[in-house]
Amino acid sequence: MSRAAAVHSLWTDPSASVVLADAPRKIPAPHIEYAQLSPVLIVLGAAVLAVLVEAFLPRRSRHLAQVATTVVGLAAAFAAVVALAAKGYATGKAHVAAMGAVAVDGPALFLQGTILLVALVAALGFAERRLDPAAHGRPVDSFAAQGAAVPGGDAEQEAVKAGWTTSEVFPLLLFAVAGMLVFPAADDLLTLFVALEVFSLPLYVLCALARRKRLLSQEAAVKYFLLGAFSSAILLFGVALLYGYAGTVTYSGIADVVNGTVRTVSPALASSTGNDALLLIGGAMVLMGLLFKVGAAPFHMWTPDVYQGAPTPVTGFMAAATKVAAFGALLRLLYVVLPGLRWDWRPVMWGVAILTMLVGAIVAVTQTDVKRLLAYSSIAHAGFILAGVIAISPDGVSSVLFYLAAYSFVTLGAFAVVTLVRDAGGEATQLSKWAGLGRRSPLVAAVFAVFLLAFAGIPLTSGFAGKFAVFKAAAESGGAPLVIVGVVSSAIAAFFYIRVIVLMFFNEPRADGPTVAVPSALTTVAIGVGVVVTLALGVAPQYFLELAGDAGVFVR
């Protein structure tokens, strides 16, 4: 049956929908499943507690209290996710909670667990205070002494002399994590938009708080804010158009209208549901907003500048956690809301995936800054993950979930290593300065080489298992040309990863080259976790692939 015929079959008698103006109406009390929402509530509670710590504790006591609050809150939230999965909410008990606003199912719990682990490891990098030399006898971290001070001004110099630290980065981190937890689990478009703003606004601020290169950091934050505001506006406009088309913002409600399974609609909506322009344009605009967040081409322009200018611990957190949350939301939109339009959006997503893989791999070859190189690498990886998204199959979902988990810890570890290589100006991110690093510090260079090999997809690393899974799912769903482009892009990407390894181990170290700072246990643990996960998922990926497969069913 054609779509037009399906629409005409939805018309009803106008008299059936007339409601008397003076008829009494009862407003139902909201029913909230607090236990199923406990991971989000725990993180939000920890964020509020961290704000109170910032307001009432003396400055000298805040850092330790904030670190403890953050770590305990994130660990408790992860325990809540594990408890929900153990009780069957990832499979048989999966349902939509909070009056249809939030889904509690396998993909949501898997992605929430990944985000919480990523945030927990990232928090260790936020708390590191031994990499920079002490300022006026007090330890300092990667963040500005006073975020509101003009770079280089008197207020900043006084704040540095006083030994101040910007400990409010921890509540900002927690609020961002709370938004990220809701984003892939949102089951209506308004919840999706609110979650987007909740995690985006703290990230805009965090990007501007670098202790060194303050102007570059603030420039990155302004670029991210402006482009992020545009993408949010586009997404919100798309939400409005989809609401105009379907008369509802719930995912299942929109999907029913798209599929023509709604039996009755109001007369006011009978004409709008026949307007495919509202559906196609609205869906495209929401999709654009999500593609911006995953860093897919041609919506990737913000990524290199923001990754380079933001404090490196923030860059690592953004590169890992934001991708997990955004791809989770993208999966739910395409698999739950718009599966009936797959013949419309699949060709477009094919083009986006191919462009993303090629742009990320080719432009990365020309980069001379390690953070910008990793930024373009993340763009290429977004294209690889999109190959799994486009598969429209259970294997596609499970491969994307596995790839996101594997990629996150490789990224966190790589950026943690970048924080260790330093010169008089702070982090030495120019690739030319990394020449001979393998001779100056063999262990650090070897660890970074492991992460680069994982990015390249070399066997026995998590990168190989992830790429094999998404390419296999894409090929089985008829995407063989997409896989060919992916393999070619991977070969191009392998060139610049191997180039960095050759630079570190086979070039002579420069006389004025950087030194490798000795980190505290915090950064050591963060890097160690990255290495262990990278090798574990590469050597024995089957258990984790099965775990992702069991968690790959969306609830409606």
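Of the 556 residues in this protein, 59% count as buried. What you're looking at is a predicted model, built with 22 helices and five strands.

**Overall build**
- Along the principal axes, the C-alpha atoms fill a box of roughly 85 × 55 × 40 Å.
- The radius of gyration is 24 Å, which agrees with the value near 24 Å that a compact globule of 556 residues would have.
- Take the contacts between residues at least 6 apart in sequence: 81% of them join residues at least 24 apart.

- In soluble globular proteins, nonpolar side chains tend to be buried together.
- Here, the largest nonpolar core has 183 residues, and Val177, Phe183, Phe317 and Phe448 are the ones that touch the most other members.
- Which residues does Phe183 contact, leaving aside its neighbours within four places in sequence? The list runs Leu192, Ala195, Leu196, Phe199, Leu290, Ala325, Ala326 and Ala329.

- Val48, Leu49, Leu52 and Phe56 make a nonpolar surface patch of about 410 Å².
- One of these, Leu49, sits in helix α2, which covers residues 38–56.
- Is Leu49 buried, exposed or partly exposed? Leu49 counts as partly exposed because its relative accessible area is 44%, between the 20% and 50% cut-offs.

How values were computed
Residues numbered from 1 in each chain as written. Predicted model: local features only at pLDDT ≥ 70, side-chain atom pairs only at ≥ 80, totals over all residues. Heavy atoms only, no water. Patch = residues over 30% accessible without salt bridge, like charges linked within 9 Å, V, L, I, M, F, W, Y side chains within 5 Å. Areas by Shrake-Rupley, 256 points an atom, 1.4 Å probe, with all protein chains shown as cover. Salt bridge = Lys/Arg side-chain N within 4 Å of Asp/Glu carboxyl O. Helix = DSSP H or I, 4+ residues; strand = E, 2+ residues; numbered from the N terminus. Buried < 20%, exposed > 50% of the residue type's maximum accessible area, 1.4 Å probe, protein only. Core = buried A, V, L, I, M, F, W, Y, C linked by side-chain atoms within 4.5 Å. Contact = heavy atoms within 4.5 Å. Rg over C-alpha atoms; globule rule 2.2 N^0.38 Å.
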